Amino acid sequence: MVRVSKVRAGSIAEELDIVPGTELLSVNGRELRDFLDWEFLAADDDLVLEARLPSGEEVVYEIERPEGEAIGVELVPPTVRRCANRCEFCFIEGLPPGLRKNLYVRDDDYRLSFAYGNFATLSNVKERDVERILEYRLSPLYVSVHATPWEARKVLLNNPRVPDIVSQLTRLAAGGIQFHCQMVIVPGLNDGDVLEQSLTDLWALGDAVMSVAVVPVGLTQFSHLYTGTPMDATRASGLLEVTARWSERAQRERGETWVFGSDELYLLAGQSLPVPSHYGDFAQIENGVGAVTALRDRVRAGLTSLPRLPGRRIGVVTGVSMAPLMPELLDQLTVQTGALFELIRVENSLFGPTTTTAGLLVGADMRRALGDRYDLDLALIPAESINDNGIFLDEQSFIEVREALPMPVYPSYDFIDVLAAEGGERTGPAGARNGDAAA
Ligand code: SF4
């Protein structure tokens, strides 16, 4: 069902008296099943739109619109497709009880993969979905491959009915669809020969596979299903040897890196992170691939925009994994501003000590880390730890937490976003959401 949530003022929709709650039924005779149909079928400039108003009245609109002018409706968010797998390493299974309901939704939705870059396994994709992907050219898709050998993938996804991913990708690739793939590596299940075979199969798909990220399995103290071996420094180093070998080949033969270790792998292995050119267009930065390198770059580029802040005492809260990389950045900020930066490394009280990502720190962690720090003039916390509604994962609101702390506190993506405004009047919330100041 496609339902209107909002009508933009002055739009074609407003002129037609379409109101929130109106159900959009068909365009040019084709039924609308969801937002994708609307997006693609309503792209024509001449439309016959059938709709049902909230009163129940059905109306047919004949629309001729000036080229490129939007109809002007926003839609009720779609119901996401649920995941049919039951991976032992699933992050959802590692969530503590009592969090808000939507955090426990295991989505696996190729539509969101195309629209928002969410990873999907394609294991719940039916024939009609394949036809739709091909018709609408939903490309690139973000695909959780994990393993291409079929039996290994069934075990990893804990789902005996998983389709053969190589056949799926091959068919879609023949129709011009491209993919960004990820392999979440579970020691003993899809490293070693399985990883080698998987990279070989993905490589054989040619240009269709645009990038592959190799990501270590992430477990919390609540990951009750997982009984396997956790990732450690030795295993992480072994995986980086594989990505290095394959990326050398990709550079030689295709002039691009193609396969990337995630930042977390480098941190686990205690290895230096690659330079920006390694990451090309940073296609998987939202997946933690190149985020640290991009952050370093943004700090370097933004340094000259910073004001002098001599003697200001600034606390920087981060997670355990990012902490070792911070001194280098804070030193640069100190030289530029004259402020005294203090790194505050915080363990995650909600997920436990195995969860070291700064973006998963919660409100209680901020209170614990900063509650008695009357000596600080300012504190920066990872912006990724707060959602768009200003709420931490433990349901505490940023505003409440901030008001309980003895210093001004700002969420920050890359320090520059907050510090650049410190010398003058602050004009807005910190920074644009692209990157990871403290992941
Ligand atoms: S595919 Fe696996 S990891 Fe992803 S949501 Fe489903 S069960 Fe969880």
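1. Let's start with helix 11 (residues 326-337): at 1.5 Å a residue, its twelve residues should span 16 Å, and the end C-alpha atoms are 16 Å apart, which agrees. The expected span here is 1.5 Å times one less than the number of residues. Helices (H or I, at least four residues) and strands (E, at least two) are DSSP runs, numbered from the N terminus.

2. A word on what you are looking at: this is a predicted model, in which local features need pLDDT of at least 70 and side-chain atom pairs count only at pLDDT 80 or more, while totals for chains, interfaces and linings use all residues. Residues are numbered from 1 along each chain as its sequence is written, and side-chain values use heavy atoms, with hydrogens and water left out.

3. Which residues of helix 11 are buried? They are Met 326, Leu 329, Leu 330, Leu 333 and Thr 337. These residues cover an arc of only 95° around the axis, which puts them on the same side of helix 11; the arc is that of the directions from the helix axis to the C-beta atoms. On the other side of helix 11, Asp 331 and Val 335 are exposed. Buried means under 20% relative accessible area, exposed over 50%, and partly exposed in between (1.4 Å probe, protein chains only).

4. Now look at what covers those buried residues: the cover includes helix 10 (291-302), strand 11 (313-319), strand 12 (340-346) and helix 14 (416-419). Contact means heavy atoms within 4.5 Å. Just after helix 11, Gly 338 takes a positive phi of about 80°.

5. Another salt bridge joins Arg 81 and Asp 129, whose closest N and O atoms are 2.9 Å apart. Arg 81 lies in the loop between strand 6 (73-75) and helix 3 (110-116) and Asp 129 in helix 4 (residues 127-136), so the pair ties together parts that are 48 residues apart in sequence.

Methods:
A salt bridge is a side-chain nitrogen of Lys or Arg within 4 Å of a carboxyl oxygen of Asp or Glu.
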